[in-house]
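Please examine the sequence and the structure shown below.

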Amino acid sequence: MTTVIDGKAAAASVIEAVTSAATTLETSGHRKPGLAVVIVGDDPASHAYVGAKSRMAKQCGFNSIQHTLPEDTSQADLMTLVASLNADPQVDGILVQLPLPKHLDSDPVIQSILPEKDVDGLHIVNAGKLATGDLKTGLLSCTPAGAMILVRQIHGNDLSGLNALVIGRSNLFGKPMAQLLLNANATVTIGHSRSRDLPELARQADILVAAVGRAEMVKADWLKPGATVIDVGINRVAAPEKGEGKFKLVGDVAFAECKPVAKAISPVPGGVGPMTIAMLMANTVIAAHRRAG
Ligand code: GUN
(Lines give C-alpha, C1' and ligand atoms only; values in the text may rest on other atoms or scores of the structure.)
Protein backbone atom coordinates (compact mmCIF):
# COMPACT_ATOMS: atom_id res chain seq x y z
CA MET A 1 0.00 0.00 0.00
CA THR A 2 1.34 3.39 -0.99
CA THR A 3 1.64 5.97 1.77
CA VAL A 4 0.03 9.28 0.83
CA ILE A 5 2.12 11.73 2.83
CA ASP A 6 -0.09 13.97 4.96
CA GLY A 7 1.51 17.43 4.84
CA LYS A 8 -1.40 19.00 6.69
CA ALA A 9 -0.88 16.75 9.72
CA ALA A 10 2.91 17.27 9.65
CA ALA A 11 2.38 21.04 9.40
CA ALA A 12 -0.10 20.97 12.28
CA SER A 13 2.45 19.36 14.58
CA VAL A 14 5.11 21.96 13.61
CA ILE A 15 2.56 24.74 14.26
CA GLU A 16 1.73 23.26 17.67
CA ALA A 17 5.42 23.28 18.66
CA VAL A 18 5.87 26.83 17.31
CA THR A 19 2.83 28.12 19.19
CA SER A 20 4.09 26.61 22.40
CA ALA A 21 7.60 28.10 21.86
CA ALA A 22 6.01 31.52 21.22
CA THR A 23 4.01 31.24 24.46
CA THR A 24 7.17 30.30 26.39
CA LEU A 25 8.94 33.38 25.02
CA GLU A 26 6.10 35.65 26.04
CA THR A 27 5.61 34.17 29.50
CA SER A 28 9.34 34.41 30.17
CA GLY A 29 9.06 38.18 29.92
CA HIS A 30 10.04 38.63 26.28
CA ARG A 31 7.67 40.07 23.69
CA LYS A 32 5.78 38.08 21.07
CA PRO A 33 7.74 36.99 17.99
CA GLY A 34 7.22 39.59 15.24
CA LEU A 35 6.89 38.69 11.55
CA ALA A 36 6.80 41.42 8.88
CA VAL A 37 5.51 40.35 5.47
CA VAL A 38 5.98 42.72 2.53
CA ILE A 39 3.97 42.43 -0.68
CA VAL A 40 4.29 44.71 -3.70
CA GLY A 41 1.56 44.94 -6.35
CA ASP A 42 -1.70 43.14 -7.06
CA ASP A 43 -0.84 39.56 -8.06
CA PRO A 44 -3.84 37.56 -6.74
CA ALA A 45 -1.88 34.34 -6.06
CA SER A 46 0.76 36.27 -4.07
CA HIS A 47 -1.98 38.02 -2.08
CA ALA A 48 -3.55 34.66 -1.28
CA TYR A 49 -0.19 33.26 -0.05
CA VAL A 50 0.61 36.37 1.99
CA GLY A 51 -2.87 36.39 3.54
CA ALA A 52 -2.37 32.77 4.62
CA LYS A 53 1.07 33.60 6.11
CA SER A 54 -0.27 36.59 8.07
CA ARG A 55 -3.24 34.60 9.41
CA MET A 56 -1.02 31.72 10.49
CA ALA A 57 1.37 34.14 12.23
CA LYS A 58 -1.54 35.48 14.30
CA GLN A 59 -2.73 31.93 15.04
CA CYS A 60 0.76 31.12 16.38
CA GLY A 61 0.53 34.09 18.74
CA PHE A 62 2.94 36.30 16.79
CA ASN A 63 2.82 40.00 16.20
CA SER A 64 2.00 39.90 12.47
CA ILE A 65 2.75 43.03 10.44
CA GLN A 66 1.78 43.17 6.76
CA HIS A 67 3.07 45.93 4.47
CA THR A 68 1.12 46.16 1.21
CA LEU A 69 2.87 48.44 -1.29
CA PRO A 70 1.48 49.65 -4.64
CA GLU A 71 2.54 48.09 -7.95
CA ASP A 72 4.54 51.24 -8.90
CA THR A 73 6.68 51.23 -5.72
CA SER A 74 10.28 52.25 -6.49
CA GLN A 75 13.35 50.15 -5.69
CA ALA A 76 14.51 52.90 -3.31
CA ASP A 77 11.22 52.96 -1.39
CA LEU A 78 11.21 49.17 -1.02
CA MET A 79 14.84 49.19 0.19
CA THR A 80 13.95 51.96 2.68
CA LEU A 81 11.11 49.85 4.08
CA VAL A 82 13.42 46.84 4.50
CA ALA A 83 16.00 49.05 6.24
CA SER A 84 13.34 50.27 8.69
CA LEU A 85 12.23 46.67 9.39
CA ASN A 86 15.89 45.68 9.94
CA ALA A 87 16.15 48.45 12.55
CA ASP A 88 12.80 47.71 14.23
CA PRO A 89 13.37 45.82 17.51
CA GLN A 90 9.79 44.43 17.38
CA VAL A 91 10.51 42.62 14.11
CA ASP A 92 12.22 39.21 14.29
CA GLY A 93 11.48 38.02 10.77
CA ILE A 94 11.16 39.78 7.40
CA LEU A 95 9.69 38.17 4.29
CA VAL A 96 9.42 39.96 0.95
CA GLN A 97 6.97 38.00 -1.18
CA LEU A 98 8.32 36.97 -4.59
CA PRO A 99 8.05 37.50 -7.49
CA LEU A 100 8.28 41.30 -7.34
CA PRO A 101 6.81 43.42 -10.17
CA LYS A 102 9.07 43.41 -13.25
CA HIS A 103 10.59 46.86 -12.73
CA LEU A 104 12.04 45.82 -9.36
CA ASP A 105 15.25 43.84 -8.80
CA SER A 106 14.63 41.27 -6.06
CA ASP A 107 18.26 40.37 -5.37
CA PRO A 108 19.43 43.65 -3.74
CA VAL A 109 16.21 43.67 -1.71
CA ILE A 110 16.71 40.12 -0.37
CA GLN A 111 20.42 40.73 0.29
CA SER A 112 19.61 43.91 2.26
CA ILE A 113 17.57 41.93 4.82
CA LEU A 114 19.62 41.24 7.97
CA PRO A 115 20.60 37.54 7.77
CA GLU A 116 19.30 36.95 11.29
CA LYS A 117 15.85 38.27 10.22
CA ASP A 118 15.85 36.45 6.85
CA VAL A 119 13.13 33.91 7.68
CA ASP A 120 12.95 32.90 3.99
CA GLY A 121 16.55 31.65 4.21
CA LEU A 122 17.41 33.39 0.94
CA HIS A 123 20.20 35.71 2.10
CA ILE A 124 23.60 34.72 0.81
CA VAL A 125 24.85 34.21 4.39
CA ASN A 126 22.06 31.70 5.10
CA ALA A 127 22.43 30.01 1.70
CA GLY A 128 26.20 29.84 2.29
CA LYS A 129 25.82 28.30 5.75
CA LEU A 130 23.60 25.58 4.27
CA ALA A 131 26.02 24.99 1.39
CA THR A 132 28.92 24.56 3.82
CA GLY A 133 27.00 22.16 6.06
CA ASP A 134 26.11 24.55 8.92
CA LEU A 135 22.44 23.72 9.49
CA LYS A 136 22.39 25.05 13.04
CA THR A 137 23.24 28.75 13.14
CA GLY A 138 21.49 30.11 10.05
CA LEU A 139 17.90 30.04 8.79
CA LEU A 140 16.84 27.38 6.28
CA SER A 141 14.75 28.03 3.20
CA CYS A 142 11.16 27.14 4.18
CA THR A 143 9.90 24.89 1.36
CA PRO A 144 13.01 22.66 1.23
CA ALA A 145 13.09 22.42 5.04
CA GLY A 146 9.41 21.40 4.99
CA ALA A 147 9.91 18.91 2.16
CA MET A 148 12.82 17.41 4.08
CA ILE A 149 10.60 16.74 7.11
CA LEU A 150 8.30 14.75 4.82
CA VAL A 151 11.27 12.78 3.40
CA ARG A 152 12.41 12.00 6.96
CA GLN A 153 8.94 10.67 7.84
CA ILE A 154 9.51 7.94 5.28
CA HIS A 155 13.28 7.32 5.46
CA GLY A 156 14.46 8.63 8.84
CA ASN A 157 17.38 11.02 9.26
CA ASP A 158 20.05 9.09 7.39
CA LEU A 159 19.67 8.73 3.63
CA SER A 160 22.95 6.84 3.16
CA GLY A 161 22.93 4.71 0.03
CA LEU A 162 19.81 6.32 -1.43
CA ASN A 163 19.76 8.12 -4.80
CA ALA A 164 17.84 11.40 -4.76
CA LEU A 165 16.85 13.41 -7.84
CA VAL A 166 15.73 17.02 -7.45
CA ILE A 167 14.12 18.33 -10.64
CA GLY A 168 14.53 22.13 -10.60
CA ARG A 169 17.55 24.29 -9.80
CA SER A 170 16.13 27.51 -8.33
CA ASN A 171 17.71 29.36 -5.41
CA LEU A 172 14.31 29.31 -3.70
CA PHE A 173 13.97 25.53 -3.82
CA GLY A 174 16.08 23.20 -6.01
CA LYS A 175 19.54 24.18 -4.79
CA PRO A 176 18.76 24.27 -1.05
CA MET A 177 16.75 21.01 -1.34
CA ALA A 178 19.74 19.30 -2.95
CA GLN A 179 21.99 20.61 -0.13
CA LEU A 180 19.67 19.26 2.57
CA LEU A 181 19.49 15.83 0.92
CA LEU A 182 23.28 15.78 0.52
CA ASN A 183 23.68 16.72 4.15
CA ALA A 184 21.57 13.70 5.06
CA ASN A 185 24.02 11.52 3.07
CA ALA A 186 21.87 10.94 -0.05
CA THR A 187 23.57 10.67 -3.44
CA VAL A 188 22.07 13.73 -5.10
CA THR A 189 21.43 14.66 -8.72
CA ILE A 190 19.91 17.97 -9.81
CA GLY A 191 17.92 17.68 -13.05
CA HIS A 192 16.60 20.66 -15.01
CA SER A 193 15.30 21.80 -18.39
CA ARG A 194 18.72 21.25 -20.03
CA SER A 195 19.21 17.72 -18.65
CA ARG A 196 19.45 15.13 -21.43
CA ASP A 197 17.11 12.38 -20.23
CA LEU A 198 15.08 13.30 -17.15
CA PRO A 199 12.91 10.15 -17.23
CA GLU A 200 16.06 7.99 -17.19
CA LEU A 201 17.55 9.99 -14.29
CA ALA A 202 14.22 9.70 -12.47
CA ARG A 203 14.14 5.90 -12.86
CA GLN A 204 17.32 5.68 -10.76
CA ALA A 205 15.93 7.79 -7.92
CA ASP A 206 14.86 6.30 -4.59
CA ILE A 207 13.69 9.80 -3.68
CA LEU A 208 12.31 12.03 -6.43
CA VAL A 209 11.57 15.68 -5.69
CA ALA A 210 9.79 17.60 -8.46
CA ALA A 211 9.81 21.41 -8.55
CA VAL A 212 9.50 22.50 -12.15
CA GLY A 213 6.13 24.22 -12.36
CA ARG A 214 4.82 21.98 -15.18
CA ALA A 215 1.50 20.31 -14.49
CA GLU A 216 1.73 16.52 -14.13
CA MET A 217 5.05 16.29 -15.99
CA VAL A 218 6.37 13.31 -14.00
CA LYS A 219 4.68 10.15 -15.30
CA ALA A 220 4.37 6.66 -13.82
CA ASP A 221 7.00 5.23 -16.22
CA TRP A 222 9.55 7.75 -14.86
CA LEU A 223 9.48 6.15 -11.40
CA LYS A 224 11.64 3.48 -9.87
CA PRO A 225 9.08 1.12 -8.29
CA GLY A 226 8.96 1.82 -4.56
CA ALA A 227 10.32 5.38 -4.87
CA THR A 228 9.37 8.20 -2.52
CA VAL A 229 7.90 11.08 -4.52
CA ILE A 230 7.77 14.63 -3.16
CA ASP A 231 5.73 17.01 -5.34
CA VAL A 232 6.56 20.69 -4.88
CA GLY A 233 4.62 21.97 -7.92
CA ILE A 234 1.47 24.04 -7.57
CA ASN A 235 -0.14 24.46 -11.00
CA ARG A 236 -3.55 25.94 -11.71
CA VAL A 237 -5.23 24.06 -14.55
CA ALA A 238 -8.69 24.17 -16.12
CA ALA A 239 -11.19 21.79 -14.48
CA PRO A 240 -14.19 21.59 -16.83
CA GLU A 241 -15.53 18.69 -14.71
CA LYS A 242 -16.09 21.24 -11.91
CA GLY A 243 -17.99 23.56 -14.23
CA GLU A 244 -17.21 26.04 -16.96
CA GLY A 245 -14.29 28.37 -16.23
CA LYS A 246 -13.34 26.43 -13.06
CA PHE A 247 -9.76 25.62 -12.06
CA LYS A 248 -8.04 23.10 -9.84
CA LEU A 249 -4.54 22.78 -8.38
CA VAL A 250 -2.30 19.95 -9.54
CA GLY A 251 1.35 19.18 -8.86
CA ASP A 252 4.29 18.46 -11.16
CA VAL A 253 3.59 14.73 -10.73
CA ALA A 254 0.73 12.82 -12.40
CA PHE A 255 -0.56 11.70 -9.01
CA ALA A 256 -3.19 9.09 -9.96
CA GLU A 257 -0.89 7.08 -12.23
CA CYS A 258 2.25 7.50 -10.07
CA LYS A 259 0.64 6.54 -6.76
CA PRO A 260 0.46 2.76 -7.39
CA VAL A 261 4.16 2.67 -8.42
CA ALA A 262 5.49 4.71 -5.49
CA LYS A 263 6.15 3.64 -1.90
CA ALA A 264 5.15 7.11 -0.67
CA ILE A 265 3.89 10.21 -2.48
CA SER A 266 2.94 13.72 -1.39
CA PRO A 267 -0.32 15.05 -2.82
CA VAL A 268 -1.13 18.53 -4.19
CA PRO A 269 -2.80 20.21 -2.42
CA GLY A 270 -2.12 18.99 1.13
CA GLY A 271 1.50 17.88 0.78
CA VAL A 272 4.46 20.26 0.74
CA GLY A 273 2.31 23.44 0.60
CA PRO A 274 1.20 23.50 4.25
CA MET A 275 4.79 22.74 5.32
CA THR A 276 6.13 25.94 3.70
CA ILE A 277 4.01 28.17 5.92
CA ALA A 278 4.70 26.01 9.00
CA MET A 279 8.47 26.31 8.45
CA LEU A 280 8.18 30.09 8.01
CA MET A 281 6.57 30.21 11.46
CA ALA A 282 9.30 27.90 12.82
CA ASN A 283 12.03 30.19 11.41
CA THR A 284 10.34 33.23 12.96
CA VAL A 285 10.21 31.71 16.43
CA ILE A 286 13.84 30.52 16.07
CA ALA A 287 14.89 34.06 15.06
CA ALA A 288 12.96 35.53 18.01
CA HIS A 289 14.55 33.07 20.47
CA ARG A 290 18.05 33.90 19.19
CA ARG A 291 17.40 37.63 19.45
CA ALA A 292 16.02 37.17 22.97
CA GLY A 293 19.35 35.51 23.83
N1 GUN B 1 6.93 33.09 -3.58
C2 GUN B 1 6.66 31.77 -3.72
N3 GUN B 1 7.24 31.07 -2.72
C4 GUN B 1 7.87 31.96 -1.93
C5 GUN B 1 8.63 31.84 -0.74
O6 GUN B 1 8.86 30.76 -0.18
N7 GUN B 1 9.11 33.00 -0.23
C8 GUN B 1 8.89 34.20 -0.83
N9 GUN B 1 9.41 35.30 -0.27
N10 GUN B 1 8.19 34.35 -1.93
C11 GUN B 1 7.67 33.22 -2.47
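## Domains and ligand shell

The domain assignment divides the chain into domain 1 (29-119) and domain 2 (142-273), with bounds that come from an automatic or database domain assignment. The C-alpha centres of domain 1 and domain 2 are 28 Å apart. This is a predicted model, in which local features need pLDDT of at least 70, side-chain atom pairs count only at pLDDT 80 or more, and totals for chains, interfaces and linings use all residues. Residues are numbered from 1 along each chain as its sequence is written.

Around the ligand stand L95, V96, Q97, L98, D120, C142, T143, L172 and T276; a residue is near the molecule if its C-beta atom, placed from the backbone, lies within 6 Å of it. Helices (H or I, at least four residues) and strands (E, at least two) are DSSP runs, numbered from the N terminus. Domain 1 and domain 2 each supply at least three residues of the shell. By residue class, the shell comprises five nonpolar, three polar and one charged. Here Ala, Val, Leu, Ile, Met, Phe, Trp, Tyr, Cys and Pro count as nonpolar, Asp, Glu, Lys and Arg as charged, and the others, Gly among them, as polar.

## V38 and its contacts

V38 belongs to strand 2 (residues 34-40). Is V38 buried or exposed? V38 counts as buried because it has 22 C-beta neighbours inside 10 Å; the cut-off for buried is 20 or more other C-beta atoms within 10 Å of a residue's own, for exposed 12 or fewer, with partly exposed in between, and C-beta atoms are placed from the backbone. Apart from neighbours within four places in sequence, V38 is in contact with H67, L69, L81, L95, V96 and Q97, contact meaning that the C-beta atoms, placed from the backbone, lie within 7 Å.

Six strands form an open sheet in the order 1-11-8-7-5-6, with parallel pairing. Strand 1 (3-4) and strand 6 are at the edges with a single partner strand each, so one side of each has no neighbour in the sheet. Two strands pair if DSSP finds at least two bridges between them. The table lists some of these pairings.

| Strand pair | Bridges and sense |
|---|---|
| Strand 5 (residues 163-167) and strand 6 (residues 187-191) | five, parallel |
| Strand 5 and strand 7 (residues 207-210) | four, parallel |
| Strand 7 and strand 8 (residues 228-231) | four, parallel |

Strand 5 is mostly covered, with four of its five residues buried. From strand 5 the chain passes through helix 7 (residues 174-183) to strand 6 in a right-handed β-α-β crossover; right-handed means that, with the strands pointing away from the viewer, the path from the first strand over the helix to the second runs clockwise.

Individual residues mark these pairings. A164 is opposite V188 in strand 6, while L165 has L208 of strand 7 as its bridge partner. A210 of strand 7 is opposite I167 and also stands opposite D231 in strand 8.

In a regular strand, side chains alternate between the two faces of the sheet. In strand 7, I207 and V209 point one way and L208 and A210 the other way, and all are buried.

Key
Two residues are in contact if their C-beta atoms, placed from the backbone, lie within 7 Å.
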